[in-house]
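Subject: Structure handover and notes

Dear colleague,

I am passing this structure on to you, and my notes on it follow below. Please read them with the model open beside you.

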Amino acid sequence: MIQNIARLSCLGLFLSLISCGDETLPKPKGQLSLEYPKAKYSKLNSDCSFTFEKNNLALIKDKSCAFEINYPKMKATIYLTHKSVNNDIDKLLRDAQKLTYDHVVKADDILEQPFINDKKKVYGMFYEVGGNAATNAQFYATDSTKNFIVGSVYFYAKPNFDSILPAAQYLKEDMRRIMETLEWKQ
């Protein structure tokens with residue numbers, strides 16, 4: 001009987017040793033699941049020489065045709081700046097491209113996407129900036145003779161691309177919409 005108890009005790013000890021093979025690990029830090037409502041757009045009319053569609057969730061500040069399109073819940077702003085073309089289109093293009101490529105230090109990559117709308121006479125470039133750069137999207141648009149617009153998005157926080165990705169994607173689509181709906185007034 002003592003031998004049976006000893007055998008059962010050894011068997012119980014052996015089973016308890018092999019059954020506890022996994023270490024207890026702490027849970028990894030969770031990421032917020034950020035979701036934003038589907039964008040609804042309306043045309044923004046102003047005294048400026050252009051018009052475009054803006055997201056109805058955004059708050060607009062107009063400072064002499066330089067717009068700040070604020071997204072308080074995302075802690076971000078799209079900045080639009082209008083400049084008149086005065087036989088200096090080459091300089092305006094260089095400045096807009098330099099603005100984008102100044103981020104190459106922190107950017108993983110910069111994707112250029114040309115934009116041409118012959119019907120509305122809107123020509124430009126949309127830039128997607130990957131990585132932890134200060135901005136993840138920029139564009140410029142022009143009619144080549146009178147108007148030139150530069151747009152860029154900035155967040156109010158230190159750039160950490162992984163954590164701002166949902167908001168960055170949302171705002172990138174809003175910027176694309178601004179560029180695609182841009183019209184010059186006659």
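The side chain of Asn 55 makes a polar contact with the side chain of Tyr 170, at 3.0 Å; a polar contact is a pair of N or O atoms within 3.5 Å, where within protein one atom must be able to donate a hydrogen and the other to accept it, and residues adjacent in sequence count only if both atoms are side-chain atoms. Before going further, please keep in mind that this is a predicted model, in which local features need pLDDT of at least 70 and side-chain atom pairs count only at pLDDT 80 or more, while totals for chains, interfaces and linings use all residues. Residues are numbered from 1 along each chain as its sequence is written, and side-chain values use heavy atoms, with hydrogens and water left out.

To stay with Asn 55 for a moment, this residue is found in strand S2, where helices (H or I, at least four residues) and strands (E, at least two) are DSSP runs numbered from the N terminus. Asn 55 is buried, with a relative accessible area of 1%; buried means under 20% relative accessible area, exposed over 50%, and partly exposed in between, with a 1.4 Å probe and protein chains only. Leaving aside neighbours within four places in sequence, Asn 55 is in contact (heavy atoms within 4.5 Å) with Ala 39, Lys 40, Tyr 41, Tyr 71, Tyr 170 and Asp 174.

The sheet around S2

Strand S2 covers residues 50-55, and belongs to an open sheet of three strands in the order S1-S2-S10, with antiparallel pairing; two strands pair if DSSP finds at least two bridges between them. The edge strands are S1 (41-44) and S10 (183-184), each of which pairs on one side only. Strands of a sheet pair through backbone hydrogen bonds, either parallel or antiparallel. S1 and S2 are joined over four bridges in the antiparallel sense, and they form a hairpin with five residues between them; across this pairing, Ser 42 has Lys 54 in S2 as its bridge partner.

The nonpolar cores

A nonpolar core is a set of buried Ala, Val, Leu, Ile, Met, Phe, Trp, Tyr and Cys residues joined through side-chain atoms within 4.5 Å. The largest one has 32 residues, of which Phe 50, Phe 52, Ile 69, Leu 80 and Phe 139 touch the most other members. At least two residues of this core come from each of S2, S4 (66-71), S5 (76-84), S7 (122-131), S8 (137-142), S9 (147-155) and helix H3 (161-181), and H3 gives the most, with eight residues. Apart from this core lies another, of 11 residues, among them Val 85, Leu 92, Phe 148 and Val 150.

Aromatic pairs

Rings of Phe, Tyr and Trp (its six-membered ring) pair if their centres lie within 6.5 Å, and planes under 30 degrees apart count as stacked, over 60 as edge-to-face and the rest as tilted. By this rule the count comes to seven aromatic pairs. In one of them, the rings of Phe 50 and Phe 67 have their centres 5.9 Å apart and their planes at 80°, so the pair is edge-to-face. Phe 50 lies in strand S2 and Phe 67 in strand S4, so this pair ties together parts that are 17 residues apart in sequence. Both partners are buried, Phe 50 with a relative accessible area of 1% and Phe 67 with 2%. The rings of Tyr 127 and Tyr 140 have their centres 6.3 Å apart and their planes at 45°, so that pair is tilted, and it links Tyr 127 in strand S7 with Tyr 140 in strand S8, 13 residues apart. Ring pairs also link Phe 50, Phe 52 and Phe 67 into a cluster.

Helix H3

Pro 166 lies in helix H3 and, at 30% relative accessibility, counts as partly exposed. Pro 166 and Glu 35 are 131 residues apart in sequence, yet 7.2 Å apart in space, C-alpha to C-alpha.

With kind regards
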